[in-house]
Amino acid sequence: MFDFSRDDLRTLAGAKSYDRGVAYIDAVEDLQLDGSRIFATVCGSEPYEVELAVGRRGLNGVCDCPWGQEGNFCKHCVATGLVYLFRREHDDEIPERLDLRLYLNALSPRELVALLLELAEGDRNVRRRLEALATGEAV
C-alpha cells in the first residue's frame, strides 16, 4: 500500500496542474503496481507513460510528457495518483505488473529473435537502438 494523499498530489503539482489532473481521471488506463511503484498510461494529446514511486522522501512522479520531462509533477501524474487513491479507497483490485523477465526467460532464442525483429519493424527507436548495439555504437 502506498502512503500518500490528495493533498500530497496538490502540493507536488500545484493547484493548476492538480485541477488539470482531475480532468484527466477518465484518461488513465492500465494502472498497475510493481513493488513500490505505480504505473499507468494516460491518454492526453497522445498516450503518456507515468510512474509514481513512494520512498523515504515521499511521493515522486515521472511522466514522459513535455512538462514531466522538465522534472515537473504533471497533470498525468496527478490523474494517476487520484485513480490509484480512488481504487484503493473502494477496494478495487489493482493488478500487479507482469514480470516480463519470467516470460522472456521462458522463450527460446529463436522466439526472442522473432520478437525483437517484430518490435524493431514496428518501432523506429527500437530498430535504431538495436542497430547501434549491433555496430558497437554508444546507446
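Q: In this predicted model, what counts as a salt bridge?
A: Side chains of opposite charge can pair when their charged atoms come close. Here the pair has to be a side-chain nitrogen of Lys or Arg and a carboxyl oxygen of Asp or Glu, and the cut-off is within 4 Å.

Q: Is arginine 127 buried, partly exposed or exposed?
A: Buried would take under 20% relative accessible area, and exposed would take over 50%. Arginine 127 comes in at 36% relative accessibility, so the label is partly exposed.

Q: Which helix does glutamate 89 bring into its pairing with arginine 6?
A: The two side chains meet in a salt bridge at 2.8 Å, N to O. Arginine 6 lies in helix α1 (residues 6–13), and its partner is 83 residues away in sequence, so the pair ties separate parts together. Glutamate 89 belongs to helix α4 (residues 75–89).

Q: Which residue is linked with Arg37 and Glu51 in a network of salt bridges?
A: Start with glutamate 51 and arginine 37, whose side chains meet at 3.6 Å, N to O. That pair links strand β3 (residues 47–55) with strand β2 (residues 37–43). The network they belong to also takes in Asp34.

Q: How many salt bridges turn up in the whole structure?
A: A search of the whole structure gives a total of 6.

Terms used:
Residues numbered from 1 in each chain as written. Predicted model: local features only at pLDDT ≥ 70, side-chain atom pairs only at ≥ 80, totals over all residues. Heavy atoms only, no water. Helix = DSSP H or I, 4+ residues; strand = E, 2+ residues; numbered from the N terminus. Buried < 20%, exposed > 50% of the residue type's maximum accessible area, 1.4 Å probe, protein only.
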